[in-house]
Amino acid sequence: MVMFVQGDSATFNSLVYGAQKHPGTMAFLENQVQQFTGALTEFGQQFVQSAAGLFNTFNGSEAMRIARAAHRKLDSLFMSDTIQSIWDIGRMQHAPLAMQRWIMAEPTTRRLYHQQRIDGFSETYVDMEPGRVGEDHYDYRLLMNGVLQDTEDGGWMVRHYLDDLHAGDVEPAFDQKVDIFDTFANLRAYIEAGKEDPTSKWNEKM
């Protein structure tokens, strides 16, 4: 099996030199630069400022974001391409193709995707029904077919959808649906937090 991590020089540097440094170390280094600069000539101060700029390039928030994305990619390399429960945001951002389709059927996630507020696995996911959400969406109906659901009045119901399956398609089995619904719960929690995009392999902000 061939394994690779796609990225640029910033990704490489993040992998080689580590994803995250202790905040105390960062503060100490920044303080030392400021104290040292005051005792230098104008030329020396320019040199230190240039060095500080380079330091910030590799240690700023953007570099840290790229580093986390790269390490999450490595962590997810051995995920099987099957329907499974995904709890960790890093693994969710690098979900296998077998799960991307179902993650993108979750209504809240799908609305954000149509509003272009999340990435939606842009390099690998293909939206076969743009603009359709919830019961209007074939994949969602496939998931919810025969599933017990709570109603607003405190009761319950089971809906059966009479869709003809697309060529070569198979409705997920009950245990697979349970894994998908578990993933939905975690997905919504990450979305409600409003921070990292759970559908972006680059760990972009929502």
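Predicted model: local features only at pLDDT ≥ 70, side-chain atom pairs only at ≥ 80, totals over all residues.

Thr82 is partly exposed, because its relative accessible area of 37% falls between the cut-offs of 20% and 50%. Thr82 belongs to the loop that runs between helix H4 (61-75) and H5.

**Surroundings of Thr82**

- Leaving aside residues up to four places away in sequence, Thr82 touches Pro96, Ala98 and Met99.
- A separation of 9.6 Å is computed between the C-alpha atoms of Thr82 and Ala95, which are 13 residues apart along the chain.

**Overall architecture**

- The protein chain contains 9 helices and 2 strands.
- Read from the N terminus on, the order of these elements is α-α-α-α-α-α-α-α-β-β-α.
- Of the 206 residues in the protein chain, 36% are buried.
- When contacts between residues at least 6 apart in sequence are considered, 57% of them join residues at least 24 apart.
- The protein chain has an accessible surface of about 12800 Å², and carbon and sulfur atoms account for 55% of that surface.

**Helix H9**

- The 20 residues of H9 should span 28 Å at 1.5 Å a residue, and the distance of 29 Å between the end C-alpha atoms agrees with this expectation.
- Lys177, Ile180, Thr183, Phe184, Asn186, Leu187 and Ile191 are the buried residues of H9.
- These buried residues pack against helix H5 (89-93) and against H6, H7 and H8.
- Gly194 follows H9 and has a positive phi, near 70°.

**Salt bridges**

- Side chains of opposite charge can pair when their charged atoms come close.
- In the whole structure, 8 salt bridges are found.
- One of them joins Arg101 to Asp169, with 2.8 Å between the closest N and O atoms.
- This pair links distant parts of the chain, since Arg101 is in helix H6 (residues 97-103) while Asp169 is in the loop between strand E2 (156-158) and helix H9 (174-193), 68 residues apart.
- Within this pair, Arg101 is partly exposed at a relative accessible area of 23%, whereas Asp169 is buried at 16%.
- Arg188 and Glu106 also meet through their side chains in a salt bridge, at 3.2 Å from N to O.
- Here too the pair links distant parts of the chain: Arg188 is in helix H9, Glu106 is in the loop between H6 and helix H7 (107-114), and 82 residues separate them.
- Arg188 has a relative accessible area of 33% and is partly exposed, while Glu106 counts as buried at 2% relative accessibility.
- A further salt bridge connects Arg110 with Asp127, whose closest N and O atoms are 2.6 Å apart.
- The two residues of this pair are 17 residues apart and link distant parts of the chain, with Arg110 in helix H7 and Asp127 in the loop between H7 and helix H8 (138-144).
- Arg110 counts as buried, because its relative accessibility is 0%, and Asp127 is buried at a relative accessible area of 16%.

- Most residues other than glycine have a negative phi.
- Gln116, which is not a glycine, has a positive phi of about 60°.
- Phe121, also not a glycine, has a positive phi of about 50°.
- Gln116 is found in the loop between H7 and H8, and Phe121 has its place in the loop between H7 and H8 as well.
- Which of the descriptions buried or exposed applies to Gln116? Gln116 is exposed, because its relative accessible area is 72%.
- Phe121, by contrast, is buried, with a relative accessible area of 5%.

Notes. Residues numbered from 1 in each chain as written. Heavy atoms only, no water. Salt bridge = Lys/Arg side-chain N within 4 Å of Asp/Glu carboxyl O. Helix = DSSP H or I, 4+ residues; strand = E, 2+ residues; numbered from the N terminus. Buried < 20%, exposed > 50% of the residue type's maximum accessible area, 1.4 Å probe, protein only. Expected span 1.5 Å × (residues − 1). Contact = heavy atoms within 4.5 Å. Areas by Shrake-Rupley, 256 points an atom, 1.4 Å probe, with all protein chains shown as cover.
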